[in-house]
Amino acid sequence: MKKFIIYLFFSFFIFFNALGNEKVAYIDIDRILNESTIGKSFLDEIKKIRLENDKEIQSQKDEILKQETEIKKLKNVISEKDFQSKINTLKSDVNKFNINKKNFEQNFNKKRQEMFNNIMKKVSPIVESYMSENSISIVIDKNNVFIANSNYDITNNIIDLINK
């Protein structure tokens, strides 16, 4: 058992020593999206889709509220059977609204993910080229870095390359 622990210790020592010779850098994907031309167009398109969805959802919501108001006005005027029929119709419309709202959200998330993946397919070759030119072995997203020297941040360089 003692030999195993010693072997494990030396294995880790050799592994981390080998990693110490490798050049590592990190990038801020969020900043690339906010500051690069391709990222700005992505964010503008997402914002446009979100506004369209919100407008459609609000329109449906307003229609349901209008129906509800009309039913309340007719409560004492129409028969109980007609009133229940209108209530059931309203409930059905509310259920349809909730389903539509959920579908809008799912479609929006799917579209956003597809667009993000397309951007990353365009950005990845640029990052890989930068890595090979600068002998960088590993590039990590800034969100996954606990603390690091700002000299290892290559975000500005990548943004410049993307905008070219």
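Let's start with Lys72 and Glu68: their side chains meet in a salt bridge, 3.8 Å from N to O. By salt bridge I mean a side-chain nitrogen of Lys or Arg within 4 Å of a carboxyl oxygen of Asp or Glu. Both residues lie in helix 3, four residues apart, about one turn of the helix. Helices here are DSSP runs of H or I, at least four residues; strands are E runs, at least two; both are numbered from the N terminus.

A word on the model. It is predicted, so local features need pLDDT of at least 70 and side-chain atom pairs pLDDT 80 or more, while totals for chains, interfaces and linings use all residues. Residues count from 1 along each chain as its sequence is written, and side-chain values use heavy atoms, without hydrogens and water.

The structure holds four salt bridges. Arg31, Glu35 and Asp153 are linked in a network of them. Glu35 pairs with Arg31, closest N and O atoms 3.3 Å apart. Asp153 also meets Arg31, at 4.0 Å, N to O. That pair links distant parts of the chain, 122 residues apart: Asp153 sits in the loop between strand 2 (138–141) and helix 5, Arg31 in helix 2.

Now the inside. The largest nonpolar core has 20 residues. Such a core is a set of buried Ala, Val, Leu, Ile, Met, Phe, Trp, Tyr and Cys residues joined through side-chain atoms within 4.5 Å. Buried means under 20% relative accessible area, exposed over 50%, partly exposed in between (1.4 Å probe, protein chains only). Among the members touching the most others are Ile32 and Phe42. Helix 4 gives the most, seven residues.
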